[in-house]
Each structure stands twice: as C-alpha cells, then as structure tokens.
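Subject: Structure handover and notes

Dear colleague,

Please find the structure below, with the sequence alongside. My notes follow.

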Amino acid sequence: MATELPGLAVLHYGAADFDIERPGQFVLCAVSGARIDLHDLKYWSAEFQEAYRGPQEATRSFLQHRGPDFR
C-alpha cells in the first residue's frame with residue numbers, strides 16, 4: 001500500500017497551503033504516481049485532496065473529475 005512507503009508524508013491540502021498530518025519527505029502525484037519532494041510541491045487540489053507533479057497533471061485530474069464539458 002502506498003501509505004506504507006518510507007518517507008511518504010500525509011497532507012491536508014488547503015486553498016493556499018497544506019498542513020502536514022504525518023511527517024515525511026514526499027507525496028505522490030495523483031495522476032502519474034511520481035514522487036514529489038515536499039519542498040517542490042506547488043500544485044494540489046484542496047477540493048479533491050490530491051497532489052500533482054505539475055500543471056499538466058493538475059489539468060488532467062480536473063478534467064477527469066469534472067469532465068471535458070465543464071464550464
């Protein structure tokens with residue numbers, strides 16, 4: 001299980017920042033599964049409680065959640 005990876009942090013994502021619920025060094029991208037070091041984490045969704053490696057992954061996740069016809 002992913003939550004048992006050594007060094008994996010558990011975060012609660014807010015609109016402008018995040019709270020660390022379980023300390024660690026990294027989180028995993030919700031789209032690609034790539035490791036994101038906490039000091040490099042810049043993209044996340046407070047609504048979906050997910051982290052993303054970059055803007056492409058964030059957009060892809062949003063479209064998966066909302067659908068391509070979202071306006």
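In which strand does Tyr43 lie? Tyr43 lies in strand β5; strands are DSSP runs of E of at least two residues, helices are runs of H or I of at least four, and both are numbered from the N terminus. Before the rest, the conventions: this is a predicted model, in which local features need pLDDT of at least 70 and side-chain atom pairs count only at pLDDT 80 or more, while totals for chains, interfaces and linings use all residues. Residues are numbered from 1 along each chain as its sequence is written, and side-chain values use heavy atoms, with hydrogens and water left out.

Not counting residues up to four places away in sequence, Tyr43 touches Ala51, Tyr52, Arg53, Gly54 and Pro55, where contact means heavy atoms within 4.5 Å. His65 is 22 residues from Tyr43 in sequence, and their C-alpha atoms are 16 Å apart in space.

Gln49 sits in the loop between β5 (43-45) and β6. The phi of Gln49 is positive, near 55°, in a residue other than glycine. Most residues other than glycine have a negative phi. Gln49 is partly exposed because its relative accessibility is 31%.

The β1-β2 hairpin

Strands β1 (residues 10-13) and β2 (residues 18-22) run antiparallel and are joined by four bridges; two strands pair if DSSP finds at least two bridges between them. The hairpin that joins β1 to β2 passes through four residues. Across the pair, His12 has Asp19 as its bridge partner in β2, and Val10 stands opposite Arg22.

In a regular strand the side chains alternate between the two faces of the sheet. In β1, Leu11 and Tyr13 form the covered face, and Val10 and His12 the uncovered one. Val10 is partly exposed, because its relative accessible area is 27%. Leaving aside neighbours within four places in sequence, Val10 is in contact with Asp19, Ile20, Glu21 and Arg22. Gly67 is 57 residues from Val10 in sequence and 27 Å from it in space, C-alpha to C-alpha.

Arg22, in strand β2, counts as partly exposed because its relative accessibility is 32%. The side chain of Arg22 reaches the backbone oxygen of Leu8 at 3.0 Å.

The nonpolar core

Which residues make up the largest nonpolar core? The nine are Ala9, Leu11, Tyr13, Val27, Cys29, Ile36, Leu38, Leu41 and Ala51. A nonpolar core here is a set of buried Ala, Val, Leu, Ile, Met, Phe, Trp, Tyr and Cys residues joined through side-chain atoms within 4.5 Å. Tyr13, leaving aside its neighbours within four places in sequence, is in contact with Phe18, Val27, Leu41, Trp44, Ser45, Ala46, Gln49, Glu50 and Ala51.

Helix α1

Helix α1 has 12 residues and reaches 16 Å from its first C-alpha to its last, close to the 16 Å expected at 1.5 Å a residue; the expected span is 1.5 Å times one less than the number of residues. Which residues of α1 are buried? They are Glu57, Ala58 and Ser61. Seen down the axis of α1, these buried residues fall within an arc of 100°, so they line one face of the helix; the arc is that of the directions from the helix axis to the C-beta atoms. The buried residues of α1 pack against β6 (50-52).

Glu57 counts as buried because its relative accessibility is 9%. A polar contact of 2.6 Å joins its side chain to that of Arg53. A polar contact is a pair of N or O atoms within 3.5 Å; within protein, one must be able to donate a hydrogen and the other to accept it, and residues adjacent in sequence count only if both atoms are side-chain atoms. Apart from residues up to four places away in sequence, Glu57 touches Cys29, Val31 and Tyr52.

After α1 comes Gly67, whose phi is positive, near 90°.

Regards

Conventions: Buried < 20%, exposed > 50% of the residue type's maximum accessible area, 1.4 Å probe, protein only.
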